[in-house]
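Please look at the sequence and the three-dimensional structure shown here, and keep both in view while reading. The explanation is meant to be followed residue by residue.

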Amino acid sequence: MPPIPITILTGFLGSGKTTLLLNLLPQLLSQNPTYKLALLKNEFGDLAVDSQLASASSIGGVRELLNGCICCNLVGQLDEALKELAETVNPDRIVVETSGSAFPATLAMEVNRLSRETNGAYTLDGVIHVIDVENWAGYSDTSYTAKIQARYTDLIVFNKWEVAGEQRMEVCLDRVGDLEESIAWVKSDRGRVPVDVVFGVDGGLARTLGEEPSPQVNGHGHDHSRGENGAGGHGRGHENGKGHQSEVEVLSITLSSSSPTSVIDASKLEKLLKSAPKDEVYRIKAVLAASSHISSSDSESSPASSSEDNTAGVRYILNWAFGRWTCTLVGKAGEEHESSSGVVLRMTMILARFESKKWKKRIETQGFVELFGDGGEKGTLTVDKIA
């Protein structure tokens, strides 16, 4: 059997990785209606959102690794996950979409190792890095990993440049130039890039990475030796403050009710979506039952109101990044992921460092997450810091 090409898709939180991937699917299927694309998705938190969006598309199979970083404490699960996708889907290609602050060099080395150990069952096609032009100048100042992601890549896709303006685009090009690497780049068209540009890049840079990280990699908190707490990559190597997992904090939020017909007050949730500052909140992901239709941020339809309508009780997938959000209907009944089924709302908030304590209190006290109606039931709200 020919090797399965693997594309690593990386980029900081909210840069548009999943949007880019979903825009590639129609192009692939127009070229070959039987094309099978599989996705291995990794994200912070304990809620599967992006995989549900992907499953509703034409992706052949989706496997999601939650609540950890695929280049650190989840790297050992890569072999099993790739094998499962290969056997169940028999894909023409596997895309590994990393968590927003994963380190691509370590993951590329792991794919290269698995390729050797499986006698060429896989081949690393390349590392694609998506940059959010509108916001990158801000988060690259505070995130070492955001800079390093751009360095260890074969192709940079500049996303959201249409709304950022030419000046910010020039700033991004200057900062990429400061990395002292000659890296190919392309602008997306509102998240769309020609499939022949993204796939088949022949990732020469990625395949030159050997089994051991370079001194530069080890010097910035990516020591994968077992630390004091017994977890690979989470001991001394991450205590110096430069480890990428210290760059974000994660809240897991659940609103449950004894009534199967309970819904969240959509208008109050929209206040959170509109007011969350981009320098404190990076991502909000949720699956919920709403009291009324929730419009996406770029929709021309009216905002949610607190009066019930014919969409009351419909379940949505909410995806918020840097002040913009989309709301997508959950697929058919029974297709919802177990991480969110059975509760009114499951939500993950990915925050800047030192923001989780403040936002935990806000969620608990400021009424952003409440049941709709005057029936007297308040539901049970839990807010836990998980990273």
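The structure is a predicted model. Its protein chain contains 13 helices and 13 strands. The chain has 387 residues, and 54% of them count as buried.

The largest nonpolar core comprises 31 residues, and the members that touch the most other members are Ile 284, Leu 288, Leu 318, Met 347 and Met 349. Several elements each supply at least two residues of this core, namely the strands β8 (248-256), β9 (281-289), β10 (315-321), β11 (324-329) and β12 (345-352), together with the helices α12 (266-275) and α13 (356-365).

Leu 345 is found in strand β12. Is this residue buried or exposed? Leu 345 is buried, because its relative accessible area is 0%, and the limit for a buried residue is under 20%. Leaving aside neighbours within four places in sequence, Leu 345 is in contact with Ile 253, Thr 254, Leu 255, Ile 264, Val 287, Leu 288 and Val 369. One of these partners, Leu 288, is also among the core members that touch the most others. Leu 345 and Glu 370 are 25 residues apart along the chain, and their C-alpha atoms are separated by 9.6 Å.

The second residue, Tyr 316, has its place in strand β10. Tyr 316 counts as buried because its relative accessibility is 3%. The side chain of Tyr 316 is joined to the side chain of His 293 by a polar contact of 3.3 Å. Between Tyr 316 and Ala 290 there are 26 residues of separation in sequence, while the distance from C-alpha to C-alpha is 7.4 Å.

The largest pocket holds about 740 Å³ of space. Its lining consists of 30 residues, and those nearest the centre are Gly 16, Thr 19, Lys 160, Arg 324 and Thr 326. The elements that give two or more residues to this lining are α1 (17-31), α2 (50-55), α5 (133-142), α7 (161-164), β9, β10 and β11. Which of them gives the most to the lining? That element is α1, with four residues.

Another part of the chain to consider is the loop between β7 (184-187) and α9 (195-198), where Ser 188 lies. Ser 188 counts as buried because its relative accessibility is 1%. Not counting residues up to four places away in sequence, Ser 188 touches Val 157, Phe 158, Asn 159, Lys 160, Trp 161, Glu 162 and Val 193. Lys 160, one of these partners, is also among the residues nearest the centre of the largest pocket.

Whereas Ser 188 is buried, Arg 190 is exposed, because its relative accessible area is 63% and the limit for an exposed residue is over 50%. The phi angle of Arg 190 is near 55°, a positive value in a residue other than glycine. Phe 354 also has a positive phi although it is not a glycine, with a value of about 70°. The location of Phe 354 is the loop between β12 and α13. Phe 354 is exposed, with a relative accessible area of 64%.

Thr 10 is found in strand β1, which covers residues 4-11. Thr 10 is buried, with a relative accessible area of 0%. A polar contact of 3.2 Å connects the side chain of Thr 10 with the side chain of Thr 98. Thr 10 and Ile 156 are 146 residues apart in sequence, and their C-alpha atoms are 9.7 Å apart in space.

Conventions: Residues are numbered from 1 along each chain as its sequence is written. This is a predicted model: local features need pLDDT of at least 70, side-chain atom pairs count only at pLDDT 80 or more; totals for chains, interfaces and linings use all residues. Side-chain values use heavy atoms; hydrogens and water are left out. Buried means under 20% relative accessible area, exposed over 50%, partly exposed in between (1.4 Å probe, protein chains only). Contact means heavy atoms within 4.5 Å. A nonpolar core is a set of buried Ala, Val, Leu, Ile, Met, Phe, Trp, Tyr and Cys residues joined through side-chain atoms within 4.5 Å. On a 1 Å grid over the protein atoms alone, a cavity is a set of points where a 1.4 Å probe fits but cannot get out, and a pocket is an open set with protein on both sides within 12 Å along at least five of seven lines; lining residues have an atom within 4 Å of a point. Grid points are joined across faces, edges and corners, and a volume is the space filled by probe spheres set on the points. A polar contact is a pair of N or O atoms within 3.5 Å; within protein, one must be able to donate a hydrogen and the other to accept it, and residues adjacent in sequence count only if both atoms are side-chain atoms.
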